[in-house]
Structure formats: C-alpha cells, structure tokens
Amino acid sequence: MKTSIRTQLALTAALVGTAAAGTDTWFTPLTESALVVPPNGLEELASPWVTPTGISQKNAVSMREVEDAVLSPLQSIVRVPGLGTSASMFDMLAYDPSGEFLFIPHETFVGAGVTRYSVYDNSCEVLFSGDGTGNWANDYGAFDPCRFTPNGTLFLAEEWSGLGRVVEVMNPFAPADQIQTRVLTNFPRVSHEGINFSKKFDDTIYFVDEDRAGSIYKFVMATPGDYTVGQTFVLVVDAFLGDPSVNAPTGWTPDRIGSATWVPLTDATGTPLPGIPDPTVDPGRAGRGAADAAGGTPYRRPEDMAVGKLANGNEVIYFTATEEQTVYSVEMLENRPGNSQGKGHQKGHKGHNDGPSGAAIVRVFASETSTPKNVGFDPTTGVINSPDNLSIDALGNIYIIEDAPNGAPGGGDIWFVRDTDNDGVGESVDHFMTIQVDGAEATGMIWNPVIKSEFAVCVQHPDSTNLDNVPNGFGDAVWIFNVTPIPNQEFVEQLDAAEAPFGE
C-alpha cells in the first residue's frame, strides 16, 4: 500500500504550529461515574460511555467483527492463546497525519504486535507480531506506546514485558508481508509508555519510565530526524534530595516540583558518561539504573505524556503519575535543548548541564487532592483514580484517562483539565466521560488530525474478550466520538479552525 498524496501533504502540514491550551469548559460536566454492566450487554455493544449532551459515539472495530470469518475473512487481529481478557489489549492509538489509518498496539505479555485499521475501508490487518514464545530474540512484549513520527514511520515500545525496547516500523503503509522494523538500540531500556516528539525542537524526543520510582527523560538526536544516535538526559528537580531508587518513600511530593534541570546520562553519541551505567544494554530496564546514578527525580508510575505550548510560548510536557493521582506539567525554559557533555556531572541531583539551556519548571497540573472539580457546575461524586493516559485536542486542551476500573463496580472516567490562563496549572478538573464496560479500562484517546471534532478511544481487556467465559464476546474495541452536535458551537468552530497537534 503506497503512501497517498493526502498523507504526504499531511505529514508536512502536521509539523506546522503548536496548539496552546486555554479554552473554557465546553460541555456540562457529569456528576457521577457510571456503574459497569454485564459483558456483551446493550451498553457495551451500542454505547459504552456516558457522555455530555451532543457527543455521538459509534463503534469503529471490535475483535468480534474482525474474527467473524463470514463477515471479514481477510481481516486479522492479535489474539494470544491462553491469555483470557489480556489476549489482545488494544492500547495507545496513533493516527497517521491524514486520518486515514489508526494503528493499534497490543499490550500482550507475549506475542505483542500492531494492527493497522483502515478508517475508510473499515478493515484491520496485523502488520507484525512476536512469535508468542517469550524468547525475545523473536518475540515482543507489552507494546504500550504507539506514535506516528515526523519521518512517516511508527514507534512502538515495550512496557512491563519484553526488554524495554523501542521498535520503529519503517514502512507502516506497506502490505503486512513487506513490513520492515528495527530496534532503536541507542534508546534507553525502560518501561516505556509515554513517548513523544517535541513540537519546538526538531531533534528532541521526550519519554518516561513507568516504574514506581520512574524518571522523565529526553533524547536529543545527533542529527535531527535520525533516531539511531543521540544523547539521553534525565529530569532532576533541584529540591529533590531523596534516594531516586526507593519506591515512593514518605516525603516525595513537596520536593519534586519547582526548578529543574536536564542532566546528561550519555554524550552526544550515546556513550555513557563517567559513573553512569549504560542505559541501553540488555537485559531488563537499564535506563532506570542510569537515571538513579545521575539522581534523576522519581515519580510514582509515570505513564503517558503529551506535549503542548503555554501562554508565554514555552514548550510544556504533561505526564501522569498514576499512583499519585496526579498529572504534572514541565515547562521548558531553554531556547534550545542542552547538549552538554556532562560538565559538572557528579553522582546525585546537582550534576547540572551548562547554564539555562537545560532548565525547566515542574508543577502540579491537576490532582485528586489539590485541584477542584466541576467549578461553576454541579459537583461530581467521581474521583480521579489512577490517571493513566493523556490526550490533547487541536486547541491544546488536556484530557486525563483513568487506568480503571479493572474489576471495580464503578466505571473509569475521562477528565477535562480547565487551564484557561494556560500557565501549566489547572483551575478545575471537569468530569467528561465515564465507561460502563465490565472489567475494562479506557485507553488510547486520540483526536483525529484532520476531522478535528472527532476522537477515538479503546475499550481494553473487557470481560468479553475472554471467549471461554463470554462466548461470542465483543472483545477489545475502538470507538469514534464526534462533538459536532454539542450545544457549544463556538467550541466546534474553534476546533475546526485550529491547527491539529501532531501525534498527540
């Protein structure tokens, strides 16, 4: 399948401009979380989310549809034998810039792969997957992040299974039997989830380590556009004096915000600096040890990440800290990402690179304990429970998707962060949507880069994926939402006129 002219044009257009957040709440917030319903119930099949007035939802694809040999004999989807509800694990969706395709990574323990869904043909095809043996020479585990790159390639990476590798699909539009992949060996091995490209610096990629003492990183390419060679940095908050290798000790929260610096772990070619372990080696998550050696500031399970722009024009990254019920913002103060070779480096958090080029400020963007909810609207009984994914619309507004319910009686929620002055600190967290599907969580929320009033969300690991317990189960699914019919038509017009963010 050749890249269309529409796709080629979109790849160029999508890199122009960066949205700045700051719109007011554009819907009437919900007042409670939904109760989950039995598997394969009407709600799961027809309307799995409770939404504000005017938002439509329709099923794009489900496992049952793909696997129905009568209706779709030429389609394919990942289903790993013996894994029950975790047999497919739709996760962090990626649109190509034309909006013609959605790429669906599979967060399975073994046999992880990626499926390409054609939006207009309504068809699925597995591009590649591991052999399911757990021998990582021929297998992959837990593909969680999925990002379309400025080069027109696709990033996947391993989280809790596999070896913490970043895998690049070189030709994501090709037929499955012609797909070419490579492991980016210069990237640190960590538990990858949030991984994203800078909108301001064409040589910078941000990523996180989803560990209970996980750090925040950036990778600065030696040559812009070449993902194979670069320098890795870890974020260090100046006030942090704790042990970065200890999982969530008392007292972490107050000393992990404020002024910060990007501390180098390697030189510009990826060679570890003195006293720093090689962050790229097998086995395991070697990047974590390198970050700890440099005094990288830990957070409790950093998961997803989004990149935006503040009102002052500075780039900002947002990341979730799932076990802290918190989302942080990191404002970049530098005019260019620092490429220090480690001058002044020492073990501990004071090993800063040169001058203000690596400076940042960390803030609490939104949290269950410090950010009010539904300000100016009826209150909600919902709580921010395990914030996991983040999504950003074409206007730069941030949405938080919970890693819940995972068997809880109440459904997981999606929240809108109201930051009208766009300073990286939310004034309110407003209850946006709630899922009703038994055993499932919402994942992969992403806004369409072309039809900017649309967004997609996955239903991941519902009870109905386990065919032993739910014959003819609906299974993991992707749903498409459209906000065009909402009462607030001014917001719709603003969306349509905005420049869409690239790749979330």
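Here is a walk through some of the strands in this structure and one patch on its surface. Keep in mind that the model is predicted, so to speak of local features we need pLDDT of at least 70, while side-chain atom pairs count only at pLDDT 80 or more, and totals for chains, interfaces and linings use all residues. Residues are numbered from 1 along each chain as its sequence is written, and side-chain values use heavy atoms, with hydrogens and water left out.

Nine strands make up an open sheet, in the order 11-12-13-14-15-19-18-17-16, with antiparallel pairing. At its edges stand strand 11 (195-197) and strand 16 (302-309); each has a single partner strand, so one side of each has no neighbour in the sheet. From one strand to the next, the twist averages 30°. Angles like this run from 0 to 180 degrees between N-to-C directions, using axes that are lines fitted to C-alpha atoms. A strand here is a DSSP run of E with at least two residues, numbered from the N terminus, and two strands pair if DSSP finds at least two bridges between them. In general, strands of a sheet pair through backbone hydrogen bonds, either parallel or antiparallel.

Strand 16 pairs with strand 17 (residues 315-321) in the antiparallel sense, over six bridges. Across that pairing, Met305 stands opposite Phe319 in strand 17.

Next come strand 24 and strand 25, which form a hairpin with six residues between them. They run antiparallel, joined by five bridges, and Thr443 stands opposite Cys458 in strand 25. Seven of the seven residues of strand 24 are buried, so strand 24 is largely enclosed too.

The loop between strand 24 (441-447) and strand 25 (454-460) holds Val450. At 34% relative accessibility, Val450 counts as partly exposed, the class between buried and exposed (over 50%). Together with Tyr120 and Ile451, Val450 forms a nonpolar surface patch with about 260 Å² of accessible area. Such patches take residues with over 30% relative accessible area and no salt bridge, joining like charges within 9 Å and nonpolar side chains (Val, Leu, Ile, Met, Phe, Trp, Tyr) within 5 Å. A salt bridge is a side-chain nitrogen of Lys or Arg within 4 Å of a carboxyl oxygen of Asp or Glu. Accessible areas come from the Shrake-Rupley method with a 1.4 Å probe, and for residues only the protein chains shown count as cover.

Conventions:
Helix = DSSP H or I, 4+ residues; strand = E, 2+ residues; numbered from the N terminus. Buried < 20%, exposed > 50% of the residue type's maximum accessible area, 1.4 Å probe, protein only.
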